[in-house]
Amino acid sequence: MSEPAQLVPTLTINEIVAAGQQMKINDASRSPPETILTGDRPTGPLHLGHYVGSLANRVRLQREHHQTILIADLQALTDNAGRAADVRHNVREVMLDYLAVGIDPELTPIALQSAMPELAELTMLYLNLVTVARLERNPTVKAEIELRGFSRDIPAGFLAYPVSQAADITAFRATLVPVGEDQLPMIEQTNEIVRRLAHLAGRPVLPECRALLSATTRLPGIDGRKASKSLGNAISLSAPDDEIRRLVHAMFTDPGHVRASDPGRVEDNVVFAYLRAFDPDQQAVAELEAHYRRGGLGDAALKERLTHILQTFLAPIRERRALYAQDRDIVRDVLRDGTKASRSTASAVLEEVRDVFSLGSL
Ligand code: TRP
């Protein structure tokens with residue numbers, strides 16, 4: 001089978017931001033009103049990898065476009081049914097992270113998937129447009145099945161979660177979906193469903209969507225593997241100073257760089273990956289890289305620099321997070337408002353889809 005990812009029309013964050021600015025300069029009235037949906041499974045507090053890969057972009061995009069964030073708690077349950085209380089707890093943690101990094105709920109409504117029954121009904125209808133064989137071919141789901149060690153015990157809801165994600169995306173009439181590479185197969189499946197629906201109806205019903213890929217490379221975990229809270233290799237946005245220090249000092253550098261005087265590798269060196277992402281002085285980083293390559297620059301000095309940079313970066317985020325955490329109502333109120341607004345869009349979409357299936361009201 002050909003690589004489905006390549007069939008998906010994608011944009012990078014720089015292209016879309018540049019396009020927005022271009023439009024604004026030339027003709028503000030023609031600036032493209034993209035409808036953006038992004039989502040997260042609430043499986044743990046967010047970390048620096050989320051910041052670099054998606055949160056920073058969301059904060060940038062929220063002024064230029066119509067953006068909604070969906071907290072995909074039902075999707076999280078598809079492989080965490082036994083940890084439902086954790087998922088519930090993490091909805092609040094993730095909300096605090098959003099607010100702390102500067103997601104403004106006035107600009108970016110935040111909705112809770114499980115509080116939108118329209119999504120469940122859309123999923124049920126879309127399941128009629130997808131074969132089991134197609135679900136089994138989704139490369140990301142396949143990889144996740146392997147990772148979780150499911151063999152004959154795959155939860156049906158897990159195999160079908162790309163269909164529920166198609167419901168999420170179409171319920172908002174999203175035209176642009178910021179995602180990592182691993183989510184491209186979900187966009188592809190969404191557009192297949194949109195096309196099948198149009199075929200059934202004999203006319204276009206819902207818009208197809210494009211993926212918006214982050215221009216930055218993925219930030220690794222401190223051990224160089226994929227960053228994940230469960231692996232304990234990620235620096236969370238709420239990490240206190242001593243934890244930041246401990247994790248930076250445990251970072252993988254270059255095992256061949258034994259003495260400071262030895263030449264070192266910067267390519268898969270985690271400290272440099274973080275410096276490239278967070279050091280405000282990128283000129284200095286380039287010089288440090290050259291110095292490290294030549295030899296004569298020790299890991300300890302670099303780690304000290306990074307520790308301070310990350311502590312400075314995270315301190316205001318942690319403070320804002322603590323303030324929001326003290327307010328007993330804010331998380332609930334933001335989520336209620338965002339969910340209410342989203343349900344009105346979703347119910348209009350649901351009516352149209354029900355209509356295609358000849359499901360009128362009684
Ligand atoms: N599958 C996404 C992830 O694991 C989360 C998600 C659920 C999502 N629904 C979405 C992302 C809708 C974008 C749009 O990160």
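Helix H9 supplies three residues to the shell around the ligand, the largest share. The model is a predicted one.

**Shell around the ligand**

- The residues around the ligand are Leu-37, Gly-39, Arg-41, Ala-72, Gln-75, Gln-165, Asp-168, Ile-169, Val-177 and Gln-183.
- Sorted by class, four residues of this shell are nonpolar, four are polar and two are charged.

**Polar atoms facing the ligand**

- Gln-75 places a polar side-chain atom 2.7 Å from a nitrogen atom of the ligand.
- For Gln-165, an N or O atom in the side chain is 2.8 Å from a nitrogen atom of the ligand.
- Asp-168 likewise has a polar side-chain atom that lies 2.8 Å from a nitrogen atom of the ligand.

**Cover and contributing elements**

- The ligand taken alone exposes 360 Å², and the protein buries 88% of that area.
- Two or more residues of the shell come from each of strand S2 (35-40) and helix H9 (161-171).

**Packing of H4 and H15**

- Helix H4, residues 84-101, packs against helix H15, residues 330-356, with the axes 10 Å apart and at an angle of about 90°.
- Because angles of 65 to 115 degrees count as roughly perpendicular, H4 and H15 are therefore roughly perpendicular to each other.
- On the H4 side, Val-91, Arg-92, Met-95 and Leu-96 meet Val-331, Val-334 and Leu-335 of H15.
- The residues of this contact comprise six nonpolar, no polar and one charged.

Methods
Residues numbered from 1 in each chain as written. Predicted model: local features only at pLDDT ≥ 70, side-chain atom pairs only at ≥ 80, totals over all residues. Heavy atoms only, no water. Near = heavy atom within 4 Å. Polar contact = N/O pair within 3.5 Å; in protein donor to acceptor, adjacent residues only side chain to side chain. Areas by Shrake-Rupley, 256 points an atom, 1.4 Å probe, with all protein chains shown as cover. Helix = DSSP H or I, 4+ residues; strand = E, 2+ residues; numbered from the N terminus. Nonpolar A, V, L, I, M, F, W, Y, C, P; charged D, E, K, R; others polar. Axes fitted to C-alpha atoms, helices over the stretch in contact; angles between N-to-C directions. Parallel < 35°, antiparallel > 145°, perpendicular 65-115°, else oblique. Contact = heavy atoms within 4.5 Å.
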